[in-house]
Amino acid sequence: MKRMYTLIALLVAFLGVAFFKENGGITKQSKPHIGVLTLMHHPALDQIYQGFIDELAKEGYKNGKNITIDYQNANGDQSNLNTMATKLVNNNPNAIFSITTPASQATANATKNVPIVLGAVTDPKGAGLVKNVKHPGANITGVSSQAPAKEQLKLIKKFMPHMKTLGVIYTSSDPSATANYEEIVKQAKVLHIHLKSYSIANSNDLNQVSQEMMQNVDAVIVPQDNVIAGAMQTLVKNADAANKPLFPAVDTMVKQGGVATYSVNQYKLGVIGAKMTVKILKGEKPGNMAIEYVKHGDPVLNLKQAKKLGITVPKEFEHEAKTKGEIYQ
């Protein structure tokens, strides 16, 4: 009888140890599970995701081998975000990487426990995601991209020394675009640039509103705006028809038909997000990790587009783009 009790006790102890190993370590599963939620496909956001998975691989976490990445894309439909965020949370991930402000808000609403790493959120505090950027204190941390509006506006003045009116177009429902737009307005006043503003509610408005804008401005600056980035070719088409230059916030939009900018490196945002995710996998608490900021822009020039529009490229900027940034030609 004693022998039977001893065997039962050993069995219980064995099962307890097994259960602890399965559920009580740093990771919730033997193979770490990472959720990714993004608002849509467009080149800039795709670069962020590419930087994220590439850096995870460099850190030793290769998707499909020793880590599982569950990628969810709302394809521009914000109503899908809440459903996808809930799905990711229900799969019990070790962390979620959320790309764009709307995706991050949906994820934050879905969980107060799963660690969330923000990717490319312009204003985490203003978006209601964290109360303190240095000490988030909850389950959220991440990286913030802030387009260098002052640098970009100064660059436009160099390209367009006789410009009278600069147009700006943004999506009023996009928190990141709105935050970037407000900074452009602020810096335009400092630099004495006459700015004329146009807003759209969604991509369906872009064709008509941009056609109207082109009749009243000499050039256009475009903030970090996911809706416009996803429909960039429509804006380029109308700008080309009016022979007006576009100065977008990010390099991928310059490549698609903009002229020049100082662009935050989108790939780098994903790299930083991956590094923060790895720290979480190793036991760090997101609430103790300050929001990291990327504010410096790299020079980017579309020489082919400048020539097409008959715009003289400042020699010093062309040299800067050639030596420190990127030139499309």
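## A pocket and its lining

In this predicted model, the second largest pocket is lined by Thr122, Asp123, Pro124, Gln146, Ala147, Ala179, Asn180, Glu182, Glu183 and Tyr293. Its volume is about 180 Å³. Sorted by class, the lining comprises four nonpolar residues, three polar residues and three charged residues.

Which helix supplies the largest share of the lining of the second largest pocket? That share, four residues, comes from H6. Rolling a probe the size of a water molecule over the atoms shows where empty space is left.

The strands of an open sheet, four in number, follow the order E7-E6-E8-E9 and pair in parallel. Its edge strands are E7, residues 195-200, and E9, residues 246-248, each of which pairs on one side only. On average, neighbouring strands of this sheet are turned by 25° against each other, direction ignored.

Helix H6, which spans residues 175-190, packs on this sheet. The helix touches strand E6 (166-171) as well as E7 and E8. The direction of H6 makes about 160° with that of E6.

## The pairing of E8 and E9

How many bridges join strand E8 to E9? Strand E8, residues 219-222, is joined to E9 by three bridges, and the two strands run parallel. Within E9, Pro248 is the bridge partner of Val222.

Notes:
Residues numbered from 1 in each chain as written. Predicted model: local features only at pLDDT ≥ 70, side-chain atom pairs only at ≥ 80, totals over all residues. Heavy atoms only, no water. Pairing = 2+ DSSP bridges. Axes fitted to C-alpha atoms, helices over the stretch in contact; angles between N-to-C directions. Contact = heavy atoms within 4.5 Å. 1 Å grid on protein atoms, 1.4 Å probe; cavity = no way out; pocket = protein on both sides within 12 Å on 5 of 7 lines; lining within 4 Å. Points joined across faces, edges and corners; volume = space filled by probe spheres on them. Nonpolar A, V, L, I, M, F, W, Y, C, P; charged D, E, K, R; others polar.
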